[in-house]
Structure formats: C-alpha cells, structure tokens
Amino acid sequence: MSPFTTWDILRNLLFAAEWTILLSLVAFIGGGIVGLAVLFARTGRNAALRRVSMVYIELIQGTPLLMQLFLSFFGLSLLGFDVPPWFAAGLSLTLWTSAFLAEIWRGCVEAIPRGQWEASSSLAMTYFEQMRHVVLPQALRIAVPPTVGFSVQVVKGTALTSIIGFVELSKASTMITNATFQPFVVYGLAALVYFALCWPLSKSSQILERKLNVAHRNH
Amino acid sequence: MSLIAITEVRKRFGDNEVLKGINLDVDPGEVIAIIGKSGSGKSTLLRCINGLETIDDGEIMVAGAHLAPDDAHLRALRLKVGMIFQSFNLFPHLTAGRNVMLSPMVVKRVSAKDAEAEARLRLDQVGLGHKFDAYPDELSGGQQQRVAIARALAMQPLALLCDEITSALDPELVNEVLQVVGKLADEGMTLLMVTHEMRFAREVCDRVVFMHQGRVHEIGPPEQVFTNPQTPELQQFLGML
C-alpha cells in the first residue's frame with residue numbers, strides 16, 4: 001500500500017499547475033507584445049523589415065518547440081550565460097507564441113478590404129495611424145476567436161519545458177510518479193488538470209466567435 | 001497658375017502601359033469630367049494623382065506639392081486632394097460622425113470638440129446632419145456616399161477626385177449624390193471626376209476629357225465634346241456611329 005493518498009497526489013499536482021498557468025501567462029502576454037511588433041514589421045511598408053519578420057516566423061514555425069527550448073537552454077549556457085530553466089522556458093515560449101500570433105493576426109489584417117487602406121491613405125493617414133484607427137479595430141473582431149483558441153496550444157506547449165527541468169505540471173507528474181509508482185493515476189490526474197485549463201479556453205473561443213460574428217453582421 | 005499639373009505621366013502594369021504620356025492642367029475651381037471606355041486608364045490616372053498608384057515617368061504637382069513616393073511628400077499632397085471612391089469605403093466600425101471626425105483628429109490634431117463641430121457642419125452640407133450617430137450599414141448607398149464626401153471635405157481639400165462615385169448606386173440614389181457634387185461645383189470646388197453620367201458631365205463640367213487607350217484623345221468644353229466630337233473613337237463612344 002502506497003503511503004500517498006490520491007488527494008496527496010492531486011494537491012501536489014495543483015501546486016505545480018500554478019507554474020503551468022504562470023508560464024502560460026508569461027508566454028501569452030510576452031508573445032502577444034512581441035507578436036504585435038512582428039505583425040507591424042510583417043505588414044508594414046519597409047521591405048527589409050518584412051523580409052526579416054518573414055524569416056523569423058518561418059524559422060520558429062518550421063522547427064519543433066522542443067529544439068527551441070534546447071537551443072535557448074543549452075545554447076545560452078555555451079555562450080557563458082548561466083540560464084535558469086524558468087528563463088529559458090519563458091523566453092522560448094514567448095518567441096514561439098509571438099511567431100504564431102503574428103501569423104494569425106496577419107491573416108486578420110489582410111482580411112480587411114483594400115478599400116479601407118485606400119480611403120485612409122487618401123485622408124493622409126500614415127501606416128501607423130491606419131493600423132491604429134482603421135485596420136486593427138476591425139481586425140480585432142476576427143482575431144479574438146483564433147487568438148483565444150491558440151492560447152490552448154500555449155498551455156499545452158508548456159508541458160515541453162519539463163524536459164529542461166522546469167517544474168510545472170508535467171515535470172511534477174514525473175517526480176510524483178517516481179515517488180508513488182502509480183503512473184496511471186498521476187498522469188491521469190495531470191491530464192485532467194490540463195483539460196480543466198484548456199477546455200474553458202476553447203469553449204470561450206467558440207462562444208466569442210459566435211458573439212463577434214453577430215456583432216459584425218449588425219455593424 | 002493651374003492647381004493640378006499633370007505632365008507626361010506614364011504608368012505600366014507589367015507589360016501593359018495603361019497611361020502613355022498624359023498631360024492635363026486643371027485650374028482652381030474647374031470641374032472636369034473624364035470619360036472613356038473601361039480600360040482606357042481614366043481611373044488609373046485619378047489614382048496616380050493622389051499617389052494610390054505610383055507613376056513610372058512624368059510629373060504631377062498639386063498646388064505646389066510634388067508627387068513623390070516617400071511618406072512625407074505623399075502626406076503633403078494628400079492634404080490638398082481628397083478622394084471619393086465607387087465603393088464608398090466608409091469605416092464600418094465608426095458612426096457617420098466619427099468617420100468624418102477621424103482624420104482631422106488623427107492627421108491634423110484637431111481637438112475632439114472642433115472636429116465634432118466640423119463634422120456636423122459637413123454632414124449638414126450633404127444633407128445628413130441627422131445621421132451623425134448612424135453606423136454605415138444603417139445607411140443607404142447614397143447616404144454612405146454622401147458621408148464619404150463629407151469625410152473628404154472635413155480635411156478642407158483644394159480639390160476632390162471622384163472615381164465613378166455613382167456607379168455602385170441604385171438608379172434612384174444617383175441623383176442625391178450628384179446634387180451634392182453639383183452644389184460643390186457651384187461653390188467653386190475643383191473637381192476631377194471619372195464618370196458615366198453624361199448628362200451630369202454636360203450640365204456641370206467646364207471641360208470634358210475623353211481618354212482612349214491610355215491617352216487624352218479629345219478634350220474640350222462639353223458642348224464641343226458632346227455635340228461635335230472630332231475623332232471616330234469619341235463618336236463611337238458617344239454612340240454616334
């Protein structure tokens with residue numbers, strides 16, 4: 001008989017889940033800010049910036065998140081920086097999120113009819129003024145559901161950071177399994193915690209989609 | 001001195017040269033209709049004047065502002081000419097009033113109070129003072145186009161470019177827009193309009209430009225162009241052949 005009750009296991013998993021949530025928030029907020037900058041570079045008028053941002057997006061989308069984690073964790077150590085796992089995890093997830101969000105948002109910006117750009121150009125607005133006052137307010141409506149939907153990928157992406165030793169829900173599950181020898185119970189509970197985090201997100205994405213579509217039809 | 005000076009303007013889309021050396025001078029207060037078959041380059045010419053299309057050769061000046069592809073030059077030029085489009089292009093997320101207020105506030109840094117006063121004035125001018133708080137999709141096509149005119153006027157342009165502004169309207173809505181444009185013409189606004197409304201062109205315009213295959217084929221006062229066309233192309237376009 002194991003000295004650990006199911007409640008012991010769940011309690012410890014929930015403690016670890018706090019780090020999953022924190023890391024998700026850091027990645028999502030940081031990735032949102034960096035992603036917005038990449039979006040401006042990607043859709044802007046400067047050809048060099050467009051090119052650089054395109055390569056950035058393709059590199060990150062074209063390599064596994066796991067490799068990016070290894071590269072930031074081991075790569076930065078090679079360069080002589082002492083990188084704690086939380087830093088490498090936060091950094092790589094932020095960059096990974098930014099590339100995907102920038103690409104999702106680019107699609108939304110490009111869905112705005114060309115006439116909106118032409119009308120605001122004719123009114124002497126600059127690119128930033130057009131984005132700020134004309135394009136982004138309209139793009140936001142269509143961007144919210146896929147953005148919230150993508151946040152689910154971010155939450156699940158945090159599981160990979162267990163590999164470089166960041167103790168979040170997945171890493172904690174492994175550690176608890178090593179102590180309790182009850183892998184099915186532990187991982188089963190961990191999966192339920194992930195589901196409890198992700199399901200409300202994908203559900204709200206669906207609801208938002210319906211709501212914003214209705215709003216779009218009216219105005 | 002002319003307000004708009006177009007000199008030897010050429011424009012190519014790939015191998016297709018759509019403007020083959022256009023020369024046109026527009027005096028202040030002049031109302032000019034540009035007519036011609038589709039594909040003759042008339043819309044492209046209009047879009048070149050405010051830099052929506054880049055030109056490959058030649059020169060365009062509007063009241064001393066020189067057309068050049070950099071942002072500073074474009075901005076200076078666009079402060080002098082407004083443009084109205086076939087598809088209205090109102091900002092759907094803003095009310096009629098906010099559509100008119102936006103650019104003065106953002107571009108000219110006019111205070112919200114002054115911009116609102118100006119917007120109410122301009123909407124009154126196009127007969128839509130009561131629609132200040134209506135969203136574009138609550139307005140008819142004719143009303144939307146009149147808001148678009150008010151929006152352009154709020155920037156106090158020296159000239160307006162009208163690109164087939166009644167072509168997307170139901171027939172019964174065309175007149176309310178043409179009336180507004182006619183009133184502007186009476187008040188001395190410089191207008192350059194691509195149009196298919198021949199009757200309007202005849203009654204309101206000072207000069208009519210007939211474009212054919214990327215060139216100004218014939219130009220003159222409406223009586224001359226419509227009643228005594230010189231070239232077979234214009235005669236054919238007017239249905240006289």
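Two strands count as paired when DSSP finds at least two bridges between them. Helices (H or I, at least four residues) and strands (E, at least two) are themselves DSSP runs, numbered from the N terminus. The model described here is predicted, so local features need pLDDT of at least 70 and side-chain atom pairs count only at pLDDT 80 or more, while totals for chains, interfaces and linings use all residues. Residues are numbered from 1 along each chain as its sequence is written, and chains are lettered from A and ligands numbered from 1 in the order in which they are written.

The pairing of S9(B) with S10(B) is antiparallel and runs over five bridges, with His212(B) opposite Arg215(B) in S10(B). On S9(B) there is also a parallel pairing with strand S3 (residues 31–35) of chain B, made through four bridges; here Ile34(B) faces Val209(B) in S9(B). Strand S9 (residues 207–212) of chain B has five buried residues out of six, so it is largely enclosed by the rest of the structure. A residue is called buried if 20 or more other C-beta atoms lie within 10 Å of its own, exposed if 12 or fewer, and partly exposed in between, with C-beta atoms placed from the backbone.

These strands belong to an open sheet of six strands in chain B, ordered S6-S7-S8-S3-S9-S10, with mixed pairing. At its edges stand strand S6 (81–84) and strand S10 (215–220) of chain B; each has a single partner strand, so one side of each is left without a neighbour in the sheet. On average, neighbouring strands of this sheet are turned by 20° against each other, direction ignored. For S6(B), four bridges make a parallel pairing with strand S7 (residues 159–163) of chain B, and Ile84(B) sits opposite Cys162(B) in S7(B).

Chain A has eight helices and zero strands. Its C-alpha atoms fill a box of roughly 75 × 50 × 20 Å along the principal axes. Of the 219 residues in chain A, 34% are buried. Two residues are in contact if their C-beta atoms, placed from the backbone, lie within 7 Å. Among the contacts in chain A with a separation of 6 or more, 77% join residues 24 or more positions apart.

Two packed helices are described by the angle between their axes and the distance between the axes. Helix H1 (residues 6–43) and helix H4 (residues 85–110) of chain A pack at about 45°, with axes 6 Å apart. Axes are lines fitted to C-alpha atoms, for helices over the stretch in contact, and angles run from 0 to 180 degrees between N-to-C directions. H1(A) is therefore oblique to H4(A), since angles under 35 degrees count as roughly parallel, over 145 as roughly antiparallel, 65 to 115 as roughly perpendicular and the rest as oblique. The contact of H1(A) with H4(A) comprises 15 nonpolar, nine polar and two charged residues. In these classes, Ala, Val, Leu, Ile, Met, Phe, Trp, Tyr, Cys and Pro are nonpolar, Asp, Glu, Lys and Arg charged, and the others, Gly among them, polar.

Finally, the two chains meet where 16 residues of chain A are in contact with 21 residues of chain B. On the chain A side, H5(A) gives the most, with six residues.
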